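I am opening my notebook on a structure that is new to me. I will set down what I looked up, one topic at a time.

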Amino acid sequence: MSKERDGFSSKFGIIAAAAGSAIGLGNIWKFPYITGKNGGGAFLLVYLLCITLIGLPVLISEMLIGRRSRKNAVESFALLSGRKGWKIPGGIALATSFLILAFYGVVAGWTLNYVRLTLIGKFHGQNSEYITSIFTGFISNPVQPVVSQILFMMLTGFVVLFGVHNGIEKASKILMPFLLGIIIILDIRAITLSGASEGLAFLFKPDFGQLTKEGVLEALGHAFFTLSLGMGIMLTYGSYIKKDISLGATAVQVAVADTIIALLAGVAIFPAVFAFNIEPTAGPGLVFITLPNIFNQMSGGVFFETIFFILLAIAALTSTVSLLEVTVAFVTEDFGISRKIATVCIVISVIIIGAFFSLSMSPDVAISKISVMGMNLFDFIDYFTANWMLPMGALAVAIFAGWVLKSKELKDELTSGGLFPAKYISIFSIMIKFITPVLIIVVFINKVFGI
Ligand code: PHE
C-alpha cells in the first residue's frame with residue numbers, strides 16, 4: 001500500500017477529535033454524580049490528582065506509541081518491541097473497544113430517541129411516574145431501542161467512512177464547539193434558577209468527611225474511563241498525529257478540556273436538581289428520568305430539554321466514532337480492505353452484537369434470561385469492560401512505555417526529535433514506570449476483589 005497514510009491536518013482538529021472521544025456520557029452524568037456523592041470539592045481535588053497521576057501519563061504514552069509506530073492498536077506494540085507476543089495486549093485493546101462500542105452504541109441510541117421524544121413534547125406536563133414509565137417501557141421494548149441503536153451506528157459509520165481528515169476531524173471540529181455552546185446555554189439557565197447555590201455547593205464545597213476509600217478508587221477508575229484510555233483509541237489517534245506536534249501539550253489540552261466539560265456539565269445539572277427538590281440519583285436514572293422531570297418544571301423547558309439531549313447525542317457520537325476507528329484502522333491496514341467496505345462490515349457486526357445487548361434488557365426476549373455473575377448481558381459487558389479490560393489495557397500501555405520502549409525512542413517522540421524541550425520527561429518516566437502501574441493495579445484489585 002503506497003498510499004500516504006491519512007491523518008489529522010491541524011492542531012485544533014487533533015484536540016477536537018481526542019477531546020471528542022474523551023468527552024462522553026461519562027462526563028455528563030457520571031462525573032457530576034460521583035463528585036456530589038463523594039463530598040464535592042474534596043473529591044474534585046482527588047480526581048484532579050488522578051487525572052494528573054494516572055490519566056495524563058497513560059494518555060501521553062498511548063499517543064506516543066501510536067505516533068512512533070504509525071500503526072493500529074494491534075500492530076503498534078509488536079512493531080516497536082520487535083516481539084510478536086505484544087500483539088496480545090493490542091488485540092485485547094481492540095476487543096475492548098469493539099465490545100464497548102456494541103453497548104455504548106445502545107445507550108447512544110437512547111439519546112437519539114430522547115431527542116425525538118422531547119421534540120414531540122412527550123414529557124411536557126407529565127408527572128414523574130409517567131416519565132419513569134416511558135424510560136422503563138422504552139428500554140424493555142424489543143424493537144425501539146434496537147432501531148435507535150441502528151440509526152446511531154449508521155451515523156457513526158457515516159463519519160468514519162470519510163476517513164480521518166475528511167470524516168473524524170471535520171465532524172469533531174464542528175460538533176465540539178457546538179457541544180460547548182449548548183453546555184454554556186444550559187449553565188446560564190441553571191445558575192439563574194432560584195436555589196442554584198445549593199446545587200453549586202453540593203458540587204464544589206469540599207467536605208472531606210464524606211470522602212471515603214471507595215470515593216478515591218472511584219476517582220481513579222473514572223480518570224481513565226473518562227479519558228478513553230486502555231482500548232487503543234488514543235493510540236490509534238496518536239498514529240494520525242504529525243511529528244511536529246507536541247504530544248505532551250496535546251495530552252494536557254485534551255485532559256483539561258475533558259475536565260472543564262465535566263465541571264460545566266455538573267454546573268448545568270446540579271443547580272436544577274436542587275432547585276426542584278429532586279433527590280440526585282445515578283446513571284441513566286438521572287439522565288433519562290430525573291432530567292425530563294426537571295425540565296418539565298422549568299420555563300422554556302422543552303427547548304432546554306431538547307438541546308440537552310442533542311448535547312448528549314453529540315457527546316456520544318464523537319466517542320462512538322473514536323471507538324469504531326480502532327477496529328476500522330486495524331481491518332483496513334492488516335487486511336488491505338478499503339475503508340468503505342471495512343466500515344460497513346464492522347458497523348453491521350457492532351449492530352448485531354449490540355442488538356443482543358439491548359435485547360438482554362427486554363423481559364419478553366429469551367436472551368434476557370441469560371445471567372452472567374448475576375447480571376444481564378448488557379450490565380455484564382459494562383462491568384467486565386470497565387473493571388477488567390480497561391485497567392488491563394491501561395496497564396499494558398504503562399508497562400510498554402515505561403519498561404519496554406527504549407528511552408531514546410521515548411525521548412525522541414516527546415521532544416518531536418528535539419523540537420520541543422519536554423522538560424517533564426524525567427518526572428514522566430518515574431510516573432509511568434512506577435506510580436501509574438501501581439495505582440492501576442490497586443484500583444483493579446479493589447474493584448474486582450473488593451480488597
Ligand atoms: N470517555 C468517554 C466518557 O467519558 C467514555 C468512553 C469510554 C468513550 C470508552 C469511548 C470509549 O464518557
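**Entry 1: a pair of helices.** I began with H5 and H14, which I note as roughly antiparallel to each other. The model is a predicted one, and I keep that in mind for every value below. I looked up the angle behind this description and found that the axes of H5, residues 87-119, and H14, residues 301-335, cross at roughly 155° and come within 8 Å. Since an angle over 145 degrees counts as roughly antiparallel, the description of H5 and H14 follows from that crossing of roughly 155°. I also checked the hand of the crossing of H5 and H14, and it is left-handed. I then asked which classes of residue make up the contact of H5 with H14, and I recorded 20 nonpolar, seven polar and one charged.

Entry 2: The largest cavity holds about 150 Å³ of space, and I found 16 residues lining it, with Ser21, Tyr104, Phe225, Ser228 and Ser319 nearest its centre.

Entry 3: Among the residues that line the second largest cavity I noted Leu186, Arg189, Ala190, Ile269, Phe295, Met298 and Phe308. The elements that give two or more residues to this lining are H8 (163-191), H12 (247-275) and H13 (283-296). I sorted the lining of the second largest cavity by class as well, and I recorded 10 nonpolar residues, no polar ones and one charged.

**Entry 4: salt bridges.** How many salt bridges does the structure hold? I found 11 salt bridges, and I picked out one to describe, between Glu75 and Lys87, whose closest N and O atoms are 3.5 Å apart. Glu75 lies in helix H4, residues 73-81, and Lys87 lies in helix H5, so the pair ties together parts that are 12 residues apart in sequence.

Methods:
Residues numbered from 1 in each chain as written. Predicted model: local features only at pLDDT ≥ 70, side-chain atom pairs only at ≥ 80, totals over all residues. Heavy atoms only, no water. Axes fitted to C-alpha atoms, helices over the stretch in contact; angles between N-to-C directions. Helix = DSSP H or I, 4+ residues; strand = E, 2+ residues; numbered from the N terminus. Parallel < 35°, antiparallel > 145°, perpendicular 65-115°, else oblique. Left-handed = near helix turned anticlockwise from the far one by under 90°. Nonpolar A, V, L, I, M, F, W, Y, C, P; charged D, E, K, R; others polar. 1 Å grid on protein atoms, 1.4 Å probe; cavity = no way out; pocket = protein on both sides within 12 Å on 5 of 7 lines; lining within 4 Å. Points joined across faces, edges and corners; volume = space filled by probe spheres on them. Salt bridge = Lys/Arg side-chain N within 4 Å of Asp/Glu carboxyl O.
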